[in-house]
Amino acid sequence: MAMKITIPWELKYKYARGMLTTLFKGFMYVIRERHGAAEALEIHQLVNKMDNRIQNMIRTLKDVFKIEENDIEALRSVWEIYLDLTGIISTTLEQSEKLWRHKITTCAWVTEPKDLSDWCYNYCSLMNKFINPKTTLERPKAMCTGDSECEFVVKIEE
């Protein structure tokens with residue numbers, strides 16, 4: 001009888017995460033090739049809004065980690081958990097009561113065609129708006145547009 005192989009959880013996680021990024025990029029590239037970048041971005045946005053996907057993900061993270069507020073600290077906490085889960089390396093550059101500025105130096109989700117770069121901005125905006133509807137987002141730098149890092153500035157407006 002063959003012995004069952006035990007696969008470490010770390011390998012399972014890295015394998016699943018790698019498959020998700022590859023699948024995501026594959027779909028985005030094929031849609032772009034067949035229908036153009038604008039259609040690929042629109043489909044990505046529709047999928048993210050479908051069945052409350054983002055809201056459910058954020059609600060789960062907030063519930064598991066007992067994050068109850070919607071201030072900048074709560075927003076940062078949700079993002080730091082999400083970034084860690086997805087293998088994205090981020091560093092906080094500045095934080096105050098109404099602002100969080102951070103940079104990303106490692107991201108497996110980077111898309112090659114620059115005309116697809118807004119997928120990330122759109123996705124992050126949806127996440128932020130669900131956590132706190134009064135957020136605004138700026139992205140002065142983006143790896144998807146050829147920069148060496150991403151930079152995001154999240155503000156909570158009065």
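Visitor: Does Ile31 count as buried or exposed, going by its relative accessibility?
Guide: This is a predicted model. In it, Ile31 has a relative accessibility of 16%. The cut-off for buried is under 20%. Ile31 therefore counts as buried.

Visitor: How far apart in space are Ile31 and Ile43, C-alpha to C-alpha?
Guide: Ile31 sits in helix H1. Along the sequence, twelve residues separate Ile31 from Ile43. In space, their C-alpha to C-alpha distance is 8.6 Å.

Visitor: Which residue forms a salt bridge with Arg32?
Guide: Start from Arg32 in helix H1. Its partner is 83 residues away, in the loop between strand E2 (99-106) and H5. The closest N and O atoms are 2.7 Å apart, within the 4 Å cut-off. The partner is Asp115.

Visitor: Are Arg32 and Asp115 buried or partly exposed?
Guide: Arg32 has a relative accessible area of 31%. Asp115 has 39%. Buried would need under 20%, and exposed over 50%. So Arg32 and Asp115 are partly exposed.

Visitor: Which residue joins Glu94 and Arg101 in a network of salt bridges?
Guide: Arg101 and Glu94 meet through their side chains, at 3.3 Å from N to O. Arg101 is partly exposed at 24%, and Glu94 is partly exposed at 40%. The network of salt bridges also takes in Glu151.

Visitor: How many residues apart are Lys155 and Glu138?
Guide: Lys155 and Glu138 form a salt bridge, with the closest N and O atoms 3.2 Å apart. Lys155 belongs to strand E4 (residues 150-156), and Glu138 to strand E3 (residues 135-141). The pair links distant parts of the chain, and the separation in residues is 17.

Visitor: How many salt bridges does the structure hold?
Guide: Arg32 with Asp115 is one of them. Lys155 with Glu138 is another. The structure's count of salt bridges is eleven.

Visitor: What kind of pair do the rings of Phe24 and Trp119 form?
Guide: A pair of aromatic rings is described by the distance of the centres and the angle of the planes. For Phe24 and Trp119, the centres are 4.6 Å apart and the planes stand at 55 degrees. Stacked needs under 30 degrees, and edge-to-face over 60. So this pair is tilted.

Visitor: How far apart in sequence are the parts that Phe24 and Trp119 tie together?
Guide: Phe24 is in helix H1, and Trp119 is in helix H5 (residues 118-131). Phe24 is buried at 14%, and Trp119 is buried at 6%. The pair ties together parts whose separation in residues is 95.

Visitor: What kind of pair do the rings of Trp79 and Tyr82 form?
Guide: These two residues are about one helical turn apart, because they lie three residues apart in helix H4 (residues 72-85). The ring centres of Trp79 and Tyr82 are 5.4 Å apart, with planes at 85 degrees. That angle is over the 60 cut-off, so the pair is edge-to-face.

Visitor: How many aromatic pairs are there?
Guide: Phe24 with Trp119 is one of them. Phe24, Trp79, Tyr82, Trp109, Trp119 and Tyr123 form one aromatic cluster. The count of aromatic pairs is five.

Visitor: Which residue lies over the face of Trp9?
Guide: The cut-off for a charge over a ring is 6 Å from the ring centre. Here the distance to the ring centre is 4.4 Å. The residue over Trp9 is Lys12.

Visitor: How many disulfides does the structure hold?
Guide: The cut-off is a sulfur pair within 2.5 Å. From the sulfur of Cys150, the closest cysteine sulfur is in Cys120, 5.8 Å away and too far for a bond. The disulfide count is zero.

Visitor: Which cysteine sulfur is nearest to that of Cys107?
Guide: Cys107 is in no disulfide. It is partly exposed at 22%. The nearest cysteine sulfur is 6.3 Å away, in Cys150.

Visitor: How much accessible area do Ile5, Ile7 and Leu11 have together?
Guide: Leu11 is placed in helix H1 (residues 9-35). With Ile5 and Ile7, Leu11 forms a nonpolar patch on the surface. Their accessible area together is about 320 Å².

Key:
Residues numbered from 1 in each chain as written. Predicted model: local features only at pLDDT ≥ 70, side-chain atom pairs only at ≥ 80, totals over all residues. Heavy atoms only, no water. Patch = residues over 30% accessible without salt bridge, like charges linked within 9 Å, V, L, I, M, F, W, Y side chains within 5 Å. Areas by Shrake-Rupley, 256 points an atom, 1.4 Å probe, with all protein chains shown as cover. Helix = DSSP H or I, 4+ residues; strand = E, 2+ residues; numbered from the N terminus. Buried < 20%, exposed > 50% of the residue type's maximum accessible area, 1.4 Å probe, protein only. Phe/Tyr/Trp six-rings, centres within 6.5 Å; stacked < 30°, edge-to-face > 60°. Lys NZ or Arg CZ within 6 Å of the ring centre and 35° of its normal.
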